[in-house]
Amino acid sequence: MPRFTPEELEAARDRVVPDVVADGLRVLFCGINPGLMTAATGHHFARPGNRFWPVLHRSGFTPRLLKPSEQQELLSYGLGITNVVARPTARADELSAEEYREGGRLLALKVGRLRPRWLAVVGVTAYRAAFDDRKARVGPQSRMIGDTRVWVLPNPSGLNAHWTAETMAEEFARLREAAES
């Protein structure tokens, strides 16, 4: 993992992180927004300590642990990555309620265009804000976007102490099993 100066990370706030997407994916994972490390590298979930890649492997979605720099390999497994909000920040709490709502609107359009079988939003708070669903819980949702089913997963950030890597992997595996059936 390359090291970045604070100035380089700050400059990353102006970068756009491309989605890893294709039509008809099994699961489109959706992060909250790119962190500064993700923006600096161009690789989703790039911050050391983020548990997305280990949990994805541990849950059986990938046959081996992928590095963030190998994110394009997800497409070969029918998986992709996008974000609710495109603007990179150091912390998700820098995002406004309006950014979440607009992000949810744009995400629904993207999902309608790409038609994944499942949309998996990683972060229940982000899902609630983006889709104005204050009662949402981790797990499958009743909401559908076109023919796409929606599942809310725990946020894999190392700051999310409520979920261990093991309990996260169990929830990711529940989604994987649903996506395979």
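Which residues of helix 5 are buried? They are Val 124, Ala 126, Tyr 127, Ala 130 and Phe 131, where buried means under 20% relative accessible area, exposed means over 50% and partly exposed lies in between, with a 1.4 Å probe and protein chains only. Please keep in mind that this is a predicted model, in which local features need pLDDT of at least 70, side-chain atom pairs count only at pLDDT 80 or more, and totals for chains, interfaces and linings use all residues. Residues are numbered from 1 along each chain as its sequence is written, and side-chain values use heavy atoms, with hydrogens and water left out.

**Helix 5 and its surroundings**

- Helices (H or I, at least four residues) and strands (E, at least two) are DSSP runs, numbered from the N terminus.
- The buried residues of helix 5 line one face of the helix, because they fall within an arc of 160° when seen down its axis; the arc is that of the directions from the helix axis to the C-beta atoms.
- Helix 4, strand 3, strand 4 and strand 5 are included in what covers these buried residues, with contact meaning heavy atoms within 4.5 Å.

**Positive phi values**

- Most residues other than glycine have a negative phi.
- Just after helix 5, Asp 132 takes a positive phi of about 50°.
- Asp 132 sits in the loop between helix 5 (124-131) and strand 4 (139-145), and its relative accessibility of 57% makes it exposed.
- Arg 115, also not a glycine, has a positive phi of about 55°.
- The loop between helix 4 (97-114) and strand 3 (118-122) holds Arg 115, which is exposed at 55% relative accessibility.

**Aromatic pairs**

- The structure holds eight aromatic pairs; rings of Phe, Tyr and Trp (its six-membered ring) pair if their centres lie within 6.5 Å, and planes under 30 degrees apart count as stacked, over 60 as edge-to-face and the rest as tilted.
- One of them joins Phe 29 and Phe 61, which are edge-to-face because their planes stand at 85°, with the ring centres 5.3 Å apart.
- Phe 29 lies in strand 1 (residues 27-31) and Phe 61 in the loop between helix 3 (52-58) and strand 2 (79-83), so this pair ties together parts that are 32 residues apart in sequence.
- Phe 29 is buried at 0% relative accessibility, and Phe 61 is buried at 3%.
- Trp 118 and Trp 151 form another edge-to-face pair, 5.5 Å centre to centre with 65° between the planes.
- Trp 118 is in strand 3 and Trp 151 in strand 5 (residues 148-153), so their pair links parts 33 residues apart in sequence.
- Both Trp 118 and Trp 151 are buried.
- Phe 29, Phe 45, Phe 52, Trp 53, Phe 61 and Phe 172 make up one aromatic cluster.
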